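Colleague: Could we go through the cavities and the helix packing of this model?

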Amino acid sequence: MTEKQQYSRRQFIRWLISGFLFLIGGFLFVKSRRDDFLWQIDPDKCVHCGKCATACVLTPAAVKCVHTYSICGYCDLCSGYFVQNAAKLDTGAENQLCPTGAIIRTFVEDPYFQYTIDETKCVGCSRCVYGCSSFGNGSLYLQVRHDRCKNCNQCAIALACPADAFKRVPRNNPYLLKTDKL
Amino acid sequence: MKISKWLKVFIVLLLQLFVLFTNCFAEYRFPKPEFTSEYQIPITTEPHSLLTTNPIFALILLCFVLMLTVILLYKFRSRFWLRILIIASLFYFGFYHGGCICSVGSIQNIFQTLFNKNVYIPSTVIAVFFLPLLTAVFFGRIFCGAACPLGAIQELFIIRPIKVPHMIDSILKLFPYIYLGIAVVFASCNMGYIICKYDFFVSFFRFSGNTSILVAGGVILLIGTVVARPYCRYICPYSVLLRFMSKFSAQKVSITPDNCIVCHLCKDSCPVGAIHPPKPTHFPESKELALNRLRWIAVMTPILLLLGIMFGMALYKPLSHMHPEIKIVRKLESLRTSVIKERDIYNRDITDAEAFLEKGGNTDTLIQSAMKSQKKLKIALIFFGIYLVLVFIGVLIKATKRRTNTEYVVDSCECIACARCYQSCPRQNKIKGLL
C-alpha cells in the first residue's frame with residue numbers, strides 16, 4: 001500500500017465520521033430548544049421535606065423561601081412564622097419557627113401583618129413552608145434563586161428530592177411562582 | 001367488567017380521601033384581606049443569573065479557546081503560551097463558570113435525548129458536545145489540552161510524572177469504556193447523571209460541595225502529581241469518544257520540526273506515555289501465529305457475545321433498585337401493609353413513595369410507566385453487555401496489530417496536547433536558538 005492510498009483512505013474515514021457527527025448533531029438540533037434551561041422547583045409537587053437545604057452543592061443552598069403576597073392571609077397568628085403553641089405572638093426568637101430569623105414581621109394595619117423573607121438569612125430549610133402549607137394559605141414556598149444557582153448539569157437536590165419536584169425550565173422564564181387562584 | 005372498573009375508580013378516590021394525606025387540597029384557607037390603608041401588595045422578586053455565565057457566552061469562548069489551542073500547538077509550537085491559555089481557561093470555565101455544563105457531562109444529555117421523548121435539551125448543550133469531537137476529527141485531542149477545566153486543573157498539578165507500567169496502564173485504560181457504558185445506560189433510562197454526580201473537581205471550582213467527593217478529588221489531584229492526569233487517562237468517559245475521533249485526525253503532533261535524531265528525550269518528557277519509540281521492522285512472532293490468534297478471536301466472538309448478554313441481564317436486578325419509578329412501585333407495595341408515620345415540623349423526613357402518596361399521584365399510571373422503564377432498562381443492559389464484549393474484542397485485535405516506525409511518533413489517541421515534547425526536543429531548541 002502506498003503512502004498516497006493510505007492518506008486518501010484516512011481522509012475518506014475522516015469525512016465519513018464528521019458527516020455522521022453532523023447528521024446526529026443536526027437531528028438533535030432540530031429536536032432541541034433554542035433557549036437554555038435552568039432548574040426550578042415545582043411548588044405544587046414540593047413536600048417541604050427540608051432536603052434542599054442540605055443536598056445543594058452550595059452552602060447555604062441556592063434554594064430560598066419566596067412569598068407570594070397576593071395569596072397571603074396577612075394573619076396575626078402566622079403558622080409559617082410562629083411555632084405551634086407560641087407563648088406570645090411577638091418577634092421573640094423562642095416564638096419563631098425560622099431557625100435563622102429570616103422572616104421579618106411588620107405591622108400593616110389591625111389585624112394584618114406583612115411577612116417578608118430576608119434572603120440573605122434564609123437557608124431554604126422549608127420549616128416555614130411546612131407551617132404555611134399545612135395550616136395556612138401556602139403563600140410561602142421554595143424556589144431556586146438564579147442569582148445563586150450554579151445550574152449543575154445534574155442538580156444534586158433533584159437527585160435527593162423525594163417528590164420529583166425539580167424540573168428544567170427555560171432561562172427566559174425561570175420561575176414557577178404561585179399565583180392568586182382565589 | 002364495567003362495574004369492576006368503576007369499583008376501581010371508587011376505591012382510588014376513597015384512598016385519596018381517607019388513607020392519604022390531605023395537604024395538597026388544604027391550601028388557601030384564609031380569605032384575602034381587604035386593606036383600609038393605602039397598603040400596596042408587594043410583588044415577588046425574580047433575580048436572574050449573570051450574563052457572563054450564560055451558556056452562549058461560554059460556547060463562544062469555548063470555540064475561541066479551541067482555535068487558540070490549535071494555533072499555539074501547531075503554528076507557534078509554544079508550551080509557554082499554551083500554559084497561560086490553560087490557566088486562563090481554568091479560571092473562566094472552572095472557577096468563574098462553575099464547571100457546568102461541560103462536554104464530559106453533556107454525553108448524558110445527548111443520550112437521554114436520543115432514547116427518550118420530551119427531554120429538555122438546549123442547542124448549546126449539543127454544540128458543547130459536538131464541537132470538541134469535530135475538532136478531534138481534524139486536529140486531535142485539542143479539547144483536552146486547554147479547554148477542559150477538569151484536564152486543566154490536573155495539568156497544573158503534574159510535578160514529577162512517572163511511567164506507568166504498560167500492563168497496568170492498558171488494564172486501567174479499559175475503565176473509561178465501562179464508565180461510558182454505565183453512564184449511557186443510566187442517562188437513557190432516566191436514572192440520573194452519574195458522571196456529574198461523581199465529578200471530582202467541580203467542588204474545587206465552587207469551593208463547596210459533597211465532602212466525600214471533595215476528598216476523592218483531593219486524592220486524585222495528589223496522585224496526579226506523580227501519575228499525570230489520572231482522571232483524563234483512567235476515568236474520563238468523554239476520552240473514549242475523543243480517542244476514537246482523533247485516531248483519524250488530519251493534523252498530528254509532530255515532535256520535531258525537522259528530522260528526528262532518535263534521542264528519546266521526548267519520550268521521557270511525555271507525561272501520559274503517548275510517544276512510541278521506533279519499532280523494529282522484524283517481529284519475533286511469525287505472521288502465521290498472529291493470524292491464528294485473529295481466527296481464534298473470530299471463533300470466540302459469538303460465545304463472548306452470549307456471555308455479554310447474560311452479564312447484562314444479570315446486572316438488571318441490582319441496577320433496577322436505582323431506578324426512581326421502579327423503586328417507588330416496590331415501596332408502594334410494602335407501604336400498603338405498614339402504617340404511614342405522621343410528619344411534624346421537627347421530623348419532616350419523607351420517602352419518595354410516601355411523597356408520591358401525599359401528593360395524590362396516580363398509582364396506575366405510575367405502574368404502567370414503571371413497566372415501560374423496566375423493559376427499557378433490560379434492553380439497555382443487554383446492549384451494555386454487547387458493548388462490553390465489543391470493547392474487549394477491540395482490545396484483543398489492537399494487541400495483535402503490528403506497528404513499524406523508524407522515529408519517535410505521537411499516538412494521537414493518547415496525546416493530550418500539552419506540548420511538553422516540543423520543549424524537550426533538541427532539534428526544536430536548536431532552531432529556536434535555545435541550544
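This is a predicted model: local features need pLDDT of at least 70, side-chain atom pairs count only at pLDDT 80 or more; totals for chains, interfaces and linings use all residues.

Colleague: How many cavities of 30 Å³ or more does the structure hold?

Modeller: There are 11 of them. A cavity is a set of points on a 1 Å grid over the protein atoms alone where a 1.4 Å probe fits but cannot get out, and lining residues have an atom within 4 Å of a point. Points are joined across faces, edges and corners, and a volume is the space filled by probe spheres set on them.

Colleague: What volume does the largest cavity have, and which residues are closest to its centre?

Modeller: Its volume is about 190 Å³. Of the 17 lining residues, L62(B), F93(B), I101(B), C102(B) and V128(B) are the closest to the centre.

Colleague: Which element gives the largest share of that lining?

Modeller: α2(B), with four residues. Helices are DSSP runs (H or I, at least four residues), numbered from the N terminus. The lining has 13 nonpolar, four polar and no charged residues; Ala, Val, Leu, Ile, Met, Phe, Trp, Tyr, Cys and Pro count as nonpolar, Asp, Glu, Lys and Arg as charged, and the others, Gly among them, as polar.

Colleague: Turning to packing, how do α2(B) and α3(B) cross?

Modeller: Their axes come within 10 Å and cross at roughly 165 degrees. Therefore α2(B) is roughly antiparallel to α3(B), a class for angles over 145 degrees. Axes are lines fitted to C-alpha atoms, for helices over the stretch in contact, and angles run from 0 to 180 degrees between N-to-C directions.

Colleague: Which residues meet there?

Modeller: Among them are L61(B), L62(B) and V65(B) in α2(B), which meet residues including L85(B) and F93(B) in α3(B); contact means heavy atoms within 4.5 Å. This contact comprises 13 nonpolar, two polar and no charged residues.

Colleague: And at what angle do α4(B) and α5(B) cross?

Modeller: At roughly 120 degrees, with axes that come within 9 Å. α4(B) is therefore oblique to α5(B). The contact between α4(B) and α5(B) has eight nonpolar, three polar and no charged residues.

Notes:
Residues are numbered from 1 along each chain as its sequence is written. Chains are lettered from A and ligands numbered from 1 in the order in which they are written. Side-chain values use heavy atoms; hydrogens and water are left out. On a 1 Å grid over the protein atoms alone, a cavity is a set of points where a 1.4 Å probe fits but cannot get out, and a pocket is an open set with protein on both sides within 12 Å along at least five of seven lines; lining residues have an atom within 4 Å of a point. Helices (H or I, at least four residues) and strands (E, at least two) are DSSP runs, numbered from the N terminus. Angles under 35 degrees count as roughly parallel, over 145 as roughly antiparallel, 65 to 115 as roughly perpendicular and the rest as oblique.
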